[in-house]
Amino acid sequence: MAKKIAFDYDLIVIGSGAGGSAAATIASREGKRVAIIEADTFGGDSPNWSDIPTKALLHAAQLYDEARHGSRFGLRSSTMGYNYPSLRTWKDLAVKRTGAGGNRKYYENEGIDTYQGTAHFLSPNEISVARRHLSAEQFLVATGSHWIAPSIQGIDDIAYLTPRTILEAIRPPKSLYIIGAGTIGVEIAQLMAIFGTKVYLAEIASRILPQEDEEVGVLMERILKEQKGVTSLTQTRTLMIVKDGVGKRVTYTRGGVEKSIHVDEVLIATGRVPSVDLGLENASVTYTPKGIEVNDHLQTSARHIFAAGDVLGHSSHTHTALLESRVAAHNLLNPKSKIVPDYTATPRLTFTFPGIASVGLSEDDCLKRDLPINKAIAPLNIIARSNTSDFRDGFVKIITDKKGVVIGGTVTAPHAAEIVHEIALAVKYQLTAAQVAATPHAFLSWSEAVRVAAAKLAR
């Protein structure tokens, strides 16, 4: 009988963000010897540098903005001000209260050994971290992704901001050029514009928020321009950035015309790439710069190594990484009864005001698949809530197949992140638009717009 090799751990999880944390905790509670390794701040990107702090600041900014424009309701609030250091204190409190930011102690209390440093595979079952060699029977790679600067002349010679570093700024810049108008770029554009920054939002695609349906990008570009003075530079390629006094001079081309502007700061909000530089080839794990390759069970080409989260290379939300972490944990612990992550009806969110939430197939997705569809849009201004809240800019859009089954939807409205889950349920459980429309919807709720859109398709 072959002697079983003695490893230091049953499982080593590399990365303590959403893709790694759930699996480490589950395995430890199942009695496994677990270690978790973090190269940056324990808890990963979401609680420390992205979701939690950004949304905490956006919440405060949107409250401030709404109050400042309260004169239409009879409120004397137009002279309201803000204290940016106090806003940062609020942001730090929100991070602290999650318990997930800088949470090394949490893992230690769960009986999980923690190591700070960059992990590097030496062999299929051995890694080095902080000058120590550790071995394990199984591994989960959840190293996430990181920002990289696009190929722009002069960018390496200037100090530029990222969505992470701007959160630590002492005050908002007077002017800001944002490269990339996806979810994060648009959120930061609105956040900074509320606090008085003149924002230029550059995007190579033909509209901002190019991953969303066309109506979303058109509406948000108008709202940002009319209400916040944001200049959206779509179909724009940034050519060069040079230091110009205390600021920067940005040269870009748009519509075949080359222009330049002076700004205080430049922020890069495009180009996250999977963090795969950890000696994976030494463990016989197949990967490319676009991510680690896995099968349906999140298993890599090395059968004892799994991967989850942004390191897989698909654009991932925190809730997707958590789902994958739980699935990976199950498959690591139960090799004979593996399960597959079900991404059906995973919502996509942008925390602007109005909020943007979409689920299932977009209209562009359906066009690419040559899928015959029906669609309906219910503008917010046709429901009673838009009158009592004095807010009219937004809509609910629902897409069905030719049998009337809901296959996708988009909400652009206050509380969109909450409203969208009704459409997500319809997508996941293949409900028809008629079934959604027949469900009672409370009067004076924003969700009445969902009923109206569904009713248009149920006719």
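Let's start with Glu 363, which is buried at 17% relative accessibility; buried here means under 20% relative accessible area, exposed means over 50%, and partly exposed is in between, using a 1.4 Å probe and protein chains only. Please keep in mind that this is a predicted model, where local features need pLDDT of at least 70, side-chain atom pairs count only at pLDDT 80 or more, and totals for chains, interfaces and linings use all residues. Residues are numbered from 1 along each chain as its sequence is written, and side-chain values use heavy atoms, with hydrogens and water left out.

So which residue does Glu 363 meet in a salt bridge? The partner is Lys 375, at 2.7 Å from N to O. By salt bridge I mean a side-chain nitrogen of Lys or Arg within 4 Å of a carboxyl oxygen of Asp or Glu. Lys 375 is partly exposed, with a relative accessible area of 43%. Glu 363 sits in helix α9 (residues 363-368) and Lys 375 in strand β21 (residues 373-379), so this pair ties together parts that are 12 residues apart in sequence. Helices and strands are DSSP runs numbered from the N terminus: H or I with at least four residues for helices, E with at least two for strands.

Both residues also belong to a network of salt bridges, linking Asp 213, Glu 215, Glu 363, Lys 375 and Lys 397. How many salt bridges turn up in the whole structure? The search finds 24.

Here are two others for you to look up. Lys 91 pairs with Asp 92, with the closest N and O atoms 3.0 Å apart. Lys 91 is buried at 2% relative accessibility, while Asp 92 is partly exposed at 41%. Then there is Asp 390 with Arg 392, where the closest N and O atoms are 2.7 Å apart. Asp 390 is partly exposed at 27%, and Arg 392 is partly exposed at 42%.

Now, on to helix packing. Helix α1 (residues 18-29) packs with helix α8 (residues 318-333) at an angle of about 35°, their axes 7 Å apart. Those axes are lines fitted to C-alpha atoms over the stretch in contact, and angles run from 0 to 180 degrees between N-to-C directions. Contact means heavy atoms within 4.5 Å. Residues making this contact include Ala 18, Gly 19 and Ile 26 of α1, and Leu 322, Arg 326 and Leu 333 of α8.

Thanks, everyone, and do have a look at the model!
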